[in-house]
Amino acid sequence: MASRGISTGFGFLDSSAGFGIVMSLIEYNESMSYGRTFFVGLANTLLVSGLGIIFATIVGFIVGVLRLSNNWLIARLALAYIEIFRNIPLLLQIFFWYFAVLGTLPSPRQSVSIGEVAFLNLRGIVLPKPIFEAGSGAVGIVLIIAIIISLAIARWAKRRQAATGQFFPVLPVSAALILGAPIIAYFALGSPIGWDVPALSGFNFRGGITVIPELGALLLALTLYTASFIAEIVRSGIISVSRGQTEAAAALGLPPRRVLRLVIVPQALRVIIPPLTSQYLNLTKNSSLATAIGYPDLVNVFMGTTLNQTGQAVEIVAITMAVYLTISLSISMLMNIYNRAVALKER
């Protein structure tokens with residue numbers, strides 16, 4: 001590298017980037033440094049990966065359970081979903097959602113209105129933007145306290161049920177607490193959180209916050225693709241539970257939904273979690289395909305534009321590899337901790 005006159009080191013991170021980024025979760029403008037572009041790309045990567053893991057888990061569990069439904073039509077529809085999305089390459093699915101679906105949406109002037117507060121068009125979906133005023137922090141504190149209390153209630157209910165066999169409705173109580181407490185605090189403090197509702201001005205919308213179509217297409221593709229694999233993992237986990245467990249629970253008078261939640265799923269998790277971890281890792285790494293449609297993730301912004309402008313290939317590629325390695329190891333560590341928590345423990 002020295003003989004070719006290629007500079008080395010990380011000093012380039014302090015230089016001005018000079019290019020814009022269409023979406024940034026943190027403050028950024030063209031005058032900021034290349035180091036800032038790294039954090040912008042990292043935040044966008046973590047956003048799509050985190051949302052993708054959450055949504056894929058929810059969809060995958062639902063489809064996996066429906067796959068075992070006694071209703072022939074529902075079971076076949078779940079099977080069709082799995083076979084279709086699992087066997088189409090992820091990159092083609094990203095292109096489909098971006099070009100064939102979101103690319104056919106109307107222009108901003110002909111936007112699809114959702115309750116006159118949100119608007120869907122070719123440039124994405126425009127949503128109201130929250131405006132935090134004095135006292136809004138107290139609402140956030142109330143929400144955090146409500147979540148902590150809900151977790152404490154869930155832990156107490158689990159111990160109570162193990163000791164006495166009595167069931168406590170944790171989910172509705174927690175939902176009422178988490179939703180109700182902040183709402184009461186919101187009105188009690190004089191509505192300290194306002195909303196900047198978007199309005200059409202000229203050829204585009206002013207105000208609000210825009211979710212770019214690149215994010216929507218990538219998130220849809222990652223969710224549906226990964227959920228098809230998770231569904232099969234869930235199905236295999238449920239099948240692994242002895243049928244005698246289900247029959248014993250039914251003999252005790254438990255309704256099917258409680259049999260699934262209290263008997264089958266807790267035992268199936270021991271089979272589900274290890275391969276589920278692999279799917280989380282795959283989803284996170286597959287998010288790098290975002291560069292194909294221009295979503296400003298770490299690979300696109302930092303290993304793409306920044307590398308092309310600076311020529312610091314060794315440093316930038318090494319940093320990007322280290323980031324993905326760190327994210328993957330962190331996910332594995334958290335899932336291993338959870339796996340040990342639900343594993344059978346000998347007495």
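In this predicted model, the buried residues of helix H2 are covered by, among others, H1, helix H3 (90–101) and helix H6 (213–240). Those buried residues are Ala-75, Ala-78, Tyr-81, Ile-82 and Phe-85. They line one face of H2, because they fall within an arc of 120° when seen down the helix axis. Trp-72 and Leu-77, on the other side of H2, are exposed.

The N-terminal end of H2 is capped by Asn-71, which has a side-chain oxygen 3.0 Å from the backbone nitrogen of Leu-73. The length of H2 agrees with expectation, because its 15 residues (72–86) should span 21 Å at 1.5 Å a residue and its end C-alpha atoms are 21 Å apart.

| Helix | Residue range | Number of residues | Span between end C-alpha atoms | Expected span |
|---|---|---|---|---|
| H10 | residues 313–342 | 30 residues | 44 Å | 44 Å |

For H10, the buried residues include Ile-316, Ile-319, Val-323, Tyr-324, Ile-327, Ile-331, Met-335 and Val-342. Glu-315, Thr-320, Ser-328 and Ser-332 are also buried in H10. The cover over the buried residues of H10 includes helix H1 (34–66), helix H8 (256–286) and helix H9 (298–310).

Which residues touch the most other members of the largest nonpolar core? They are Leu-218 and Tyr-295, in a core of 67 residues. Two or more residues come from each of H1, H2, H3, H6, H8, H9 and H10. H6 gives the most, with 14 residues. In soluble globular proteins, nonpolar side chains tend to be buried together.

Leaving aside residues up to four places away in sequence, Tyr-295 touches Met-23, Asn-44, Leu-47, Val-48, Ile-212, Glu-214, Leu-215, Leu-218, Ala-290 and Asn-300.

The strands remain. Strand E1 (residues 112–114) pairs with strand E2 (residues 118–121) in the antiparallel sense, over three bridges. Ile-114 stands opposite Ala-118 in E2. E1 and E2 form a hairpin with three residues between them, and Gly-115 in the turn has a positive phi of about 65°.

E2 also pairs in the antiparallel sense with strand E3 (residues 124–127), over three bridges. Here Leu-120 has Ile-125 in E3 as its bridge partner. The hairpin formed by E2 and E3 has two residues between the strands.

Notes:
Residues numbered from 1 in each chain as written. Predicted model: local features only at pLDDT ≥ 70, side-chain atom pairs only at ≥ 80, totals over all residues. Heavy atoms only, no water. Helix = DSSP H or I, 4+ residues; strand = E, 2+ residues; numbered from the N terminus. Expected span 1.5 Å × (residues − 1). Buried < 20%, exposed > 50% of the residue type's maximum accessible area, 1.4 Å probe, protein only. Contact = heavy atoms within 4.5 Å. Arc of directions from axis to C-beta. Polar contact = N/O pair within 3.5 Å; in protein donor to acceptor, adjacent residues only side chain to side chain. Pairing = 2+ DSSP bridges. Core = buried A, V, L, I, M, F, W, Y, C linked by side-chain atoms within 4.5 Å.
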